[in-house]
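Dear colleague,

Please find below the structure that I am handing over to you. I should be grateful if you would read the notes that follow alongside it.

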Amino acid sequence: MQSRTPSSSAGRLGRPRSAAADEAILEATRAALVDLGWSKLTLGDVATRAGVAKTTLYRRWAGKNELVVDAVAVLFDELRLPDKGSLAADIEGVVLQFAAILDRPETKTALMAVVAESTRDAPLRERIRTSIVDRQKRLVLEGRARAERRGELPAAPDPRVAAATADLIFDVAAGAVVHRTLVSAEPVDAEWVRRFTALLLGGLAAASD
């Protein structure tokens, strides 16, 4: 199945897209995931819940996979890096937020399903990367910059090394929380987050030497 982004129709003639309609569609998608599960969710059901024509969905999304990725991406865009006075406290705060989003029924259902589907759909895999992964790497960059301003971390002398380190930090943090929440089904509580953050900072300090 070939994927395309909703913006692929932006250059077509006709009425402009409605932000309100998009929001309603994405909200309806998340609700349908909770009520019906991945296998029973259809674009027709989403259209009915959102109060739009089915053709409206097809003008924006090629199919269910793409729609679900965008519906979940909106949830991850809620993540904010809190300013709690130290890098450790900031990391703990954002990890707890991330775990809470992963614990939502619609996120659990959608993320596991689209990741599995993406193993045989390269365009879908790229959509997950651009819509979710790349957009959330901003949190690592914000955290690093803030820690440098506080004097908690030295300034990275080489931008390429800094970018590679940011990618590694994101992979480690996101991978650990996703695995614990969705694969192991273990709680991400304050004590686990404290120990994980200490481990992460230890590795970050070593990488900065």
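Residues are numbered from 1 along each chain as its sequence is written, and side-chain values use heavy atoms, with hydrogens and water left out.

Confidence is expressed as pLDDT, the predictor's score for each residue from 0 to 100. The protein chain averages 87, and 89% of the residues score at least 70. Helix α5 has the highest confidence, at 96, and helix α10 (residues 190-208) the lowest, at a mean of 85. Over residues 1-15 the pLDDT stays under 50, and the model has 28 contacts beyond four places in sequence for this stretch; a contact means heavy atoms within 4.5 Å. Where pLDDT is low, the predicted coordinates should not be read in detail.

The protein chain has ten helices and zero strands, assigned as DSSP runs (H or I, at least four residues, for helices; E, at least two, for strands) and numbered from the N terminus. Of its 209 residues, 42% count as buried, that is, under 20% relative accessible area with a 1.4 Å probe, protein chains only. Among contacts with a separation of 6 or more, 69% join residues 24 or more positions apart.

Helix α5 (residues 87-102) packs against helix α9 (residues 159-183): their axes come within 10 Å and cross at roughly 40°. Axes are lines fitted to C-alpha atoms, for helices over the stretch in contact, and angles run from 0 to 180 degrees between N-to-C directions. The two helices are therefore oblique to each other, since angles under 35 degrees count as roughly parallel, over 145 as roughly antiparallel, 65 to 115 as roughly perpendicular and the rest as oblique. In this contact, Val95, Phe98, Ala99 and Leu102 of α5 meet Ala174, Val177, Val178, Thr181 and Leu182 of α9.

Helix α5 also packs against helix α8 (residues 138-150), at an angle of about 160° and with the axes 10 Å apart; α5 and α8 are therefore roughly antiparallel to each other. Here Leu87, Asp90 and Val94 of α5 meet Leu139, Gly143, Arg146, Ala147 and Arg150 of α8.

Yours sincerely

Methods: This is a predicted model: local features need pLDDT of at least 70, side-chain atom pairs count only at pLDDT 80 or more; totals for chains, interfaces and linings use all residues. Buried means under 20% relative accessible area, exposed over 50%, partly exposed in between (1.4 Å probe, protein chains only).
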